[in-house]
Amino acid sequence: MTTTPTHGQTRWGISSTGGIAQSFARDLALVPGAVLGAVGSRSLESARSFADEFGNASTRAYGSTAELVADPDLDVVYVASPHSLHHEHARLAIDAGKAVLCEKPLTLNTGEAADLIARATDRGVFLMEAMWMACNPVVLALVEGLAAGRLGQPKQLHADLGFVVEAPASDRMMDPALGAGGLMDMGPYPLTLAYLLLGAAEELTATAVFADSGIDLDVAIAGRYPGGAVAALTVSMTSTSPRSATLATTEGLLEIPASFHEPVYATFTPTGGVPERIEGRVPLLGKGLGNEAAEVQRCLGEGLLESPLVPHRQTMALMGQLDALRGQLGIVYPGE
């Protein structure tokens, strides 16, 4: 069972030492009450190097996730492993009674996601998908504004996320065995934005361009949503794209500049009116990864088993969308 920290600090463990783990560690240093207690990696040397760079003199290093989650001094484990290892590593942490923040997508498919949620629920352990965009203060302000009717009724969303990926075939973004591909790596961002701003999709249709290895490089998704709203969502691993988002409503145009998944502000221009700058009610902690860490700590302090900002039903809805889109595109990962 997850225990609420009673020592005034939340002691974090980080599983993996890749790029997103490094970004998270930088932001974690800005979160009040957060301490990097330990790091785990397949390489003990890599874990020690990470601990030296991002931790303090007491930050411990482990040569495996199993050793990391067995550390009795940790309150929560952040799983930043490649996609194909999310289920295994998050399950280890849950079974060890550690609260879990697991990178998006939570797992490779809905079956694995449902297993983690059931395990966490049965054991009374906090579990949250690390969809940091859903904890971004600006995104929260937009969700609130739409819910209150201040921005009009949403009708047409465009969201794009892409950049040129230059990496070896063994990299987590290129290797099918690690769950590589544009849909699983970048797709959750525009799909989640659409879910937050428009609601649950009523219909999604995808097309894609594939690499010789079989991974999807460029994906375009057309979606229909409640209230007569539609969406055009694209991701790319081969091009320098705008990485912005716009939402046309019955009252004006909402614009989220690059990069839409980590905005510092947005602009709403009423039809025939003056642009209004929209900012969050609370400060952005680093790039925004700090805000999701702060949300985890808030939930633990209140004894919650899931976050209202990234609830399990939202995670399962998005996992279902990814499953359906992969089915359309014929994407199957080794071992599935």
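**Cavity, pockets and neighbouring elements**

One cavity of 30 Å³ or more was counted in this predicted model. The space in this largest cavity comes to about 40 Å³. Its lining is made up of Pro 105, Glu 129, Met 131, Pro 188, Thr 192, Leu 318, Met 319 and Leu 322. By class, six of the residues lining the largest cavity are nonpolar, one is polar and one is charged. At least two lining residues of the largest cavity come from helix H8 (188–198), and at least two from helix H10 (312–329). The largest contribution to this lining is that of H10, which gives three residues.

The side chain of His 86 reaches the backbone oxygen of Pro 105 at 2.7 Å. A polar atom of the His 86 side chain also lies 2.8 Å from the backbone oxygen of Ser 81. His 86 belongs to helix H4. Because its relative accessible area is 0%, His 86 is buried.

Together with helix H5 (residues 110–123), E5 and E6 form a β-α-β unit, which is right-handed.

The largest pocket holds about 960 Å³ of space. Its lining consists of 43 residues, and those nearest the centre are Gly 18, Gly 19, Ile 20, Ala 80 and Arg 172. Helix H1 (19–28), helix H3 (65–69) and helix H4 (86–95) are the elements that give two or more residues to this lining. Of the elements, H4 gives the most, with four residues. H4 is also the helix in which His 86 is found. The lining of the largest pocket divides into 14 nonpolar, 19 polar and ten charged residues.

The second largest pocket contains about 230 Å³ of space. It is lined by 14 residues, with Leu 140, Ala 141, Glu 144, Arg 150 and Arg 281 nearest its centre. The class counts for this lining are seven nonpolar, two polar and five charged. Helix H6 (137–147) and strand E14 (276–278) each provide at least two of the lining residues. The greatest share is that of H6, with six residues.

Several features of H6 itself can be described. The buried residues of this helix are Pro 137, Val 138, Val 139, Ala 141, Leu 142, Gly 145 and Leu 146. An α-helix has 3.6 residues a turn, so residues three or four places apart point the same way. At the N-terminal end, H6 is capped by Asn 136, a side-chain oxygen of which lies 2.8 Å from the backbone nitrogen of Val 138. After the helix comes Gly 149, which has a positive phi near 80 degrees.

Note on methods:
Residues are numbered from 1 along each chain as its sequence is written. This is a predicted model: local features need pLDDT of at least 70, side-chain atom pairs count only at pLDDT 80 or more; totals for chains, interfaces and linings use all residues. Side-chain values use heavy atoms; hydrogens and water are left out. On a 1 Å grid over the protein atoms alone, a cavity is a set of points where a 1.4 Å probe fits but cannot get out, and a pocket is an open set with protein on both sides within 12 Å along at least five of seven lines; lining residues have an atom within 4 Å of a point. Grid points are joined across faces, edges and corners, and a volume is the space filled by probe spheres set on the points. Ala, Val, Leu, Ile, Met, Phe, Trp, Tyr, Cys and Pro count as nonpolar, Asp, Glu, Lys and Arg as charged, and the others, Gly among them, as polar. Buried means under 20% relative accessible area, exposed over 50%, partly exposed in between (1.4 Å probe, protein chains only). A polar contact is a pair of N or O atoms within 3.5 Å; within protein, one must be able to donate a hydrogen and the other to accept it, and residues adjacent in sequence count only if both atoms are side-chain atoms. A crossover is right-handed if, with the strands pointing away from the viewer, the path from the first strand over the helix to the second runs clockwise.
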